[in-house]
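Hi,

Here's the structure I promised to pass on.

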Amino acid sequence: MDYGTVGNRALVQRMSRETNMVRIYTGPLSQEHEFVSVEAEKVTTADDILKTACVKMMLHSVMDYELAEVFSTGGQLCKERRLEDGENPVRIQLLWPKIVNADHDRLSGGGYTGYRFYIRKKTLENPHRTSGWVEYNEPNPMNNFLTAFLKPPIINKEYSDLCNLPDFNERTLLDNIKSRFLNSNIYTYVGSILIAVNPYKFFPLYNPKYVKLYQSKRLGEMPPHIFAIADAAFYTMLRNKSNQCIVISGESGSGKTESTNLLLHHLTALSHKGLHGSGVEQTILGAGPVLEAFGNAKTVHNNNSSRFGKFIQVNYKENGMVHGAIVRKYLLEKSRIVSQAANERNYHVFYYLLEGADEVERDKLHLGKPEDYAYLRQVAPVSCCQGNEEGLEEDEKTEFERLKHSMELVGFSQLTQKRIFGVLSAVLHLGNVTFKKKGDQHHDESVIITNPDTIAVVSRLLMVKEKTLVEALTQKKTVAGDETVVMTHRMDNAVAIRDAMAKCLYGALFDWIVLKVNQALLAKGHNSEHQGNSIGVLDIFGFEDFRWNSFEQFCINYANEHLQYYFNQHIFKFEQEEYKKEGIQWKNIEFIDNTDCLALFSKKGNGLFALIDEECKFPGASNDTLLSKFNHHHAKGNVYYEAPQKKELAFTVVHYAGKVKYQIKDFREKNSDQIRTDIVANLKSSSLAFVRVLMSVDPVAVLRWTIIKTLIKSVFAFVKAGKTYRMRGGPDEAVLQKRSQAKGDNLDNPDLESSHVLTSIHLSPSRPAHHKSPQHTPLHDARHGGYAGDSFCYDNTDEGAAFLGPKRHSGPLRSPVDPYHSEDEVKVMRRANRVMMKSKSFKPKSSPQTMFSDMKTLKAIVQRTMYIGGNGNNKQKPPSVGQQFQWSLSQLMYAMDQANLFFIRCIKSNAEKLPCRFDDVLVLQQLRYTGMLVTVRIRQSGYNYRLTFEEFVQMYKIILPNGLRSNQRDVVTFLDNMNMNKDNYQIGITKVFLLETEKLYIDECLHRAIMKRVVFLQRWAKARWERKNYLQMRASAITIQKHMRTYLARHYVENLREAAV
């Protein structure tokens, strides 16, 4: 018997008979079986299948149950439809579409994706429900998780806020976090700081139910969640009209990138149009996968490690609408392009391209398999696991389609994508270029290229001359006076030049992509001069300590040291200094101050970065002399620097997270990051404009030159077109005659009358045969393809408007073909045109903006994201990587100083990336060096709320005795009369300091006072309303009584009169 699985329908079809096995999932009705199988034909009704399923499940009353068709997406989005008794389930499931990633979702812990049949009890509230699709309300894993998430544990009470721990020490803090983690609560508060423990498993915590659940909720009102931080930042921005910043920090592999994506999704959803994902919101969300593909890679600690830092600033209007964004990037790890450590991979985009490209793209880009390229086969092939579960292989073909779709959202056209993929292919083929010695003599160290075919491929992809490319890789030209000296490279130099060219190409491509993303984000929001507020999300590389730590880890750990310093200043130092300034009784709490460690890196004169820059200026210097200089200045007297005990080309820095040994090799070269001018000139000589743009230094200058060049080309093109037009004899006499006849009809539109382009049209078949066909102008041929049989179609696009000129007519615009048709034909054409314009499918769309079309926007991007150093002298050397990185960090710190901060601390649950595994030692170590233990202590003993006397009076004027006229003495008297614990609040020189309990108590008093006034107003209004109604009813009753008495009196008189007669 042959069995076949059809998609994700859970259908096993028996080919020998016309019957099918239908699975009916039991849900909560059975603890023994997940589903029961019922053999049925296409004509079998749902009622018959329900009866059979009830017999198999031993359910007695069939009338109490029903069948439902359920669709779920990874356990997050569910909808259901009740089956009617006469429907045929077999026919229904044969129509179910195939779900591509259902197995992947199930393996990743994301829940089932697809369609199923469920049996469940009929609801008593609405037994006759509709059979249409509605939201799924029956218990499922997602709802069970939601219930467990919101329901606090009864035994072994957990604390969602560590500041509320009654007995605080390292053990109780760790036990509380571990207990919450094992109960699927990965988030915990420390005051307003969020701790996120990476479970390396998908939890259904981020579906639309949670988005709505946390909207407009005060921080701490709901269980801890990353959405609560985003919501608090958003409404604080709207309420206080101030910038906000969310700082995400943690080790590599702790979940920072995923947290950033969740924050951006929620921040765009909070926008009024964010739930529809339209406009700039989709561009912001589309930029994430693009930057991840080009800037993330698999490392030992993380399957999706960010090899660059980014600060995403989302701008908002005053009404909360998203109004553009900007991305600042920090230090791309270029060395990964040419070499990777064991069990690590190159950037994701290479594998996506090689696995996802179709046959046409493979042929044009000369693509092979990953093992065919030297830059990708340096280590054993490893699957790119974007998820958190070890061993999960990513479907790279699907990721490639997702990447192309995201690039389209950002604004990369199909042609631009081909150009980008061509550069990536060129980088890979460059790695396959090999060299050998030119001769057998020992003194001859010159090299030649052994595989010219590979060079030919690179030459075609980059559109550079093959000869000049070979010379750039194997020779060096030096100008000495009036002579040019040509020297050949040795083997190691040739390999270094090859790798430098590959790194230069990829680095320039990545910088251009970031620039293009920023241009799209700002252009769509039209906010090159944004005046509103913003929310920044910082996702920067985590602290790293590998077996081999080089210049990249040196810069990365310096950035984390800087963030830790800022955290210390913000949480500890500034808070304690404010207490002293206000005269508050306070006992200082000791914390790890890393100011001296930061000075070791950044101090002018003898700081590590300054010494590296100094050594890079000397031609005879080397990495050995650099290490000697390090040891000379810092080996003695600096506790944060340790020289090697044995002769080793390395040094150790004592960071806040522990000691890290750095290998001095390539420090100077990576800091300079300069490529020879002849290689840059070779790439700039490319006949492909895209490559020339990549190698440009100043994007604004490139745009200016492009505008000038386009203008010059346009002038020459128009002059040439005019000459060609005159050589053909000019307009046809018949056309001139028709134009004079139609002149009266076109008086209302002089643009049409004067346009040679629009009057030189194709004649209709009804035109007399003796008329000659008009000669077409060059512009007309360009627009209509030069075919005599083309039918006219009115062009209402922007391009057509440019030819038509400004629209000054008030009546209906007439087509230039009107003089050549009868009145009836013209009316029909106009009516058809109006119908087409009303249809959405025919409405013309504005053409997308060309690359860097807005000079003002481009200047704003360059000023915010690019380092402009020196005094403007072109001969000055470009800034080093260290200088650019320090400038970027200073800009970041300035932006953080101008904003209200929220902190998210990401924690690795275990080093092996195993799902739901909690390593006590590793977690405690991270809590220690990130300062969370001291943070809990200072938040427990500190005052969470501090208000100036003016703010206190403005906020609580209703319950203050003197209202808005209250002064400082009135505030002190009011607090004394509140009978509060005086240990829970203090009065400073200019501020009132309150613990959360006292603040809540005062807020409750304010609420009661407001409600008392509300009740009084309601009582007065209701009394007035009731009295008004009473008076109206009383008047109505009197009127009725009056008329009734009149009627009775008249009736009585008439009776008397009749009796008298």
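Ile987 has Val992 as its bridge partner in β26. Before going further: this is a predicted model, where local features need pLDDT of at least 70 and side-chain atom pairs count only at pLDDT 80 or more, while totals for chains, interfaces and linings use all residues. Residues are numbered from 1 along each chain as its sequence is written, and side-chain values use heavy atoms, with hydrogens and water left out.

Back to the sheet. β25 and strand β26 (residues 991–994) run antiparallel and are joined by 3 bridges. Helices (H or I, at least four residues) and strands (E, at least two) are DSSP runs numbered from the N terminus, and two strands pair if DSSP finds at least two bridges between them. The open sheet here has 3 strands in the order β24-β26-β25, with antiparallel pairing. β24 (945–948) and β25 (985–987) each have a single partner strand and stand at the edges, so one side of each lacks a neighbour in the sheet. From one strand to the next, the twist averages 15°.

Two helices go with this sheet. Helix α37 (residues 968–977) lies across β25 and β26 and runs at about 155° to β25. Helix α38 (residues 996–1060) packs on the sheet as well, touching β24 and β26, and its direction makes about 105° with that of β26. For the geometry, axes are lines fitted to C-alpha atoms (for helices, over the stretch in contact), and angles run from 0 to 180 degrees between N-to-C directions. Contact means heavy atoms within 4.5 Å.

**Two helix pairs**

How do the axes of α8 and α9 cross? Helix α8 (residues 256–270) and helix α9 (residues 280–295) have axes that come within 9 Å and cross at roughly 170°. That is why α8 and α9 are roughly antiparallel to each other (angles under 35 degrees count as roughly parallel, over 145 as roughly antiparallel, 65 to 115 as roughly perpendicular, and the rest as oblique). On the α8 side the contact is made by Thr257, Asn261, Leu264, His265 and Thr268, and on the α9 side by Glu281, Ile284, Leu285 and Glu292. By type, the residues of this contact are 3 nonpolar, 4 polar and 2 charged (Ala, Val, Leu, Ile, Met, Phe, Trp, Tyr, Cys and Pro count as nonpolar, Asp, Glu, Lys and Arg as charged, and the others, Gly among them, as polar).

The other pair is helix α11 (residues 348–356) with helix α13 (residues 396–410), packed at an angle of about 105° with their axes 8 Å apart. α11 and α13 are therefore roughly perpendicular to each other. Residues of α11 in the contact include Tyr351, Tyr352 and Leu353, and those of α13 include Phe400, Glu401 and Leu403. This contact divides into 6 nonpolar, 1 polar and 5 charged residues.

Helix α20 (residues 608–616) has 7 of its 9 residues buried, so it is largely enclosed by the rest of the structure. Buried means under 20% relative accessible area, exposed over 50%, and partly exposed in between (1.4 Å probe, protein chains only). Among the buried residues of α20 are Asp613 and Glu615.

Thr26, in the loop between β2 (20–25) and β3 (35–40), is buried, with a relative accessible area of 1%. Leaving out residues up to four places away in sequence, Thr26 touches His33, Glu34, Phe35, Val36, Met57 and Ile119.

Asn198 lies in strand β9 (residues 193–198) and is buried at 7% relative accessible area. A polar atom of the Asn198 side chain lies 3.1 Å from the backbone oxygen of Gly253. Asn198 and Pro915 are 717 residues apart in sequence, yet 9.0 Å apart in space, C-alpha to C-alpha.

Most residues other than glycine have a negative phi. Lys913, however, has a positive phi near 60°, and Cys916 has a positive phi near 55°. Lys913 is buried, at 10% relative accessible area, whereas Cys916 is partly exposed at 34%.

**Overall**

The secondary structure comes to 38 helices and 26 strands. Of the 1061 residues, 47% count as buried.

Cheers

Conventions
A polar contact is a pair of N or O atoms within 3.5 Å; within protein, one must be able to donate a hydrogen and the other to accept it, and residues adjacent in sequence count only if both atoms are side-chain atoms.
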